[in-house]
Amino acid sequence: MGLRNGNKIIYDSTSSIIEVGKIDNTGTVKVVDKNNNDISKYYNINFVKGSLEITKNYIKVTTGSSSKEYDNTPLTNSIITLTEGTLGKNQELTFESDASITNYGKIDNTGSIKILEGTKDVTEFYSINPTYGTLRITKKIPVCTIDSVSDMSYPSNTTGSIQASCTGDGNVVVETSDESKLLINSISSVSITTYTGSAILSVYSEESQNYEKSEVVTKEIPIYGTVYRNMTPEEETERLKAQAELPQEEPTPEDRLEAQVLYTALMTDTLLEE
């Protein structure tokens, strides 16, 4: 049975909710006529309570990303951005990063994400979906220099000293033109066993945890002195070929006179012997 013409139901709720949760929607119900007179006693009212519910506010956030070349100092980033959803009135998004990186590599920029309303923490009223940025340290490229090399002379002094240095913490490598290789800190003796008039010294820094391999720097070192040895068959062939190609010089009048004198003396000695 419904309401008679002109009658209506009035509901006065006594329930209220402002935070995340769910409560019964309680209150008072009455039926009034067209003159607003309470006529509830003429009705059998079956009151089914509804509910009031506030769900968490869904938002998406992204923490900041940063990158730099290795410089032996920590890298951090406390930036955070709201990428989806809205905050309540007078509320702000905060981020306190707990991520820090100093050496070569990369890590997620994680930390504590909060929603504040003044000094009140209202984070529990939000469903937060975070995307974490990246903190990245790249390797530094070292620079090498050859500061000084002592003179070398053959055969008395074919071992000299080299002073070379590289930025960074990688092993410093010195290579000679005879393919010998040695590691140094800053000063090392270098033995040269190829005596071709000069030797090439190459210096570079090997790759390490925080440094790339450096570019190779070179220096030509003169070897003073002369080396005597037998020619190889190939070198002898080349020498004879070059000698054969030399132009023949015409004899001078003095040369002709000297030759005539020698010839006359030779003939005189021959006749006397007969």
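Glu-207 and Lys-139 form a salt bridge, with their closest N and O atoms 2.7 Å apart. A salt bridge here is a side-chain nitrogen of Lys or Arg within 4 Å of a carboxyl oxygen of Asp or Glu. The model is predicted: local features need pLDDT of at least 70, side-chain atom pairs count only at pLDDT 80 or more, and totals for chains, interfaces and linings use all residues. Residues are numbered from 1 along each chain as its sequence is written, and side-chain values use heavy atoms, with hydrogens and water left out.

Glu-207 lies in the loop between β20 (198-205) and β21 (217-224), and Lys-139 in the loop between β13 and β14 (144-149), so the pair ties together parts that are 68 residues apart in sequence. Strands are DSSP runs (E, at least two residues), numbered from the N terminus. Lys-139 is buried, at a relative accessible area of 14%. Buried means under 20% relative accessible area, exposed over 50%, and partly exposed in between (1.4 Å probe, protein chains only).

The structure holds 5 salt bridges. One of them joins Glu-84 to Lys-60, with the closest N and O atoms 3.7 Å apart. This pair links distant parts of the chain: Glu-84 is in strand β7 and Lys-60 in strand β5 (residues 57-63), 24 residues apart. Glu-84 is partly exposed, with a relative accessible area of 36%. Lys-60 is also partly exposed, at 30%. Another salt bridge brings together the side chains of Lys-68 and Asp-71 (3.0 Å, N to O). Asp-71 counts as partly exposed, at 41% relative accessibility.

An open sheet of 3 strands runs in the order β6-β13-β9, with mixed pairing. Two strands pair if DSSP finds at least two bridges between them. β6 and β13 (residues 134-138) pair in the parallel sense over 4 bridges. Within this pairing, Ser-67 has Arg-136 of β13 as its bridge partner.

Most residues other than glycine have a negative phi. Asn-72 has a positive phi, near 65°. Asn-72 sits in the loop between β6 and β7 (80-84). Asn-72 is exposed, with a relative accessible area of 51%. Asn-90 likewise has a positive phi, of about 65°, although it is not a glycine. Asn-90 lies in the loop between β7 and β8 (92-97). Asn-90 counts as exposed, at 63% relative accessibility.
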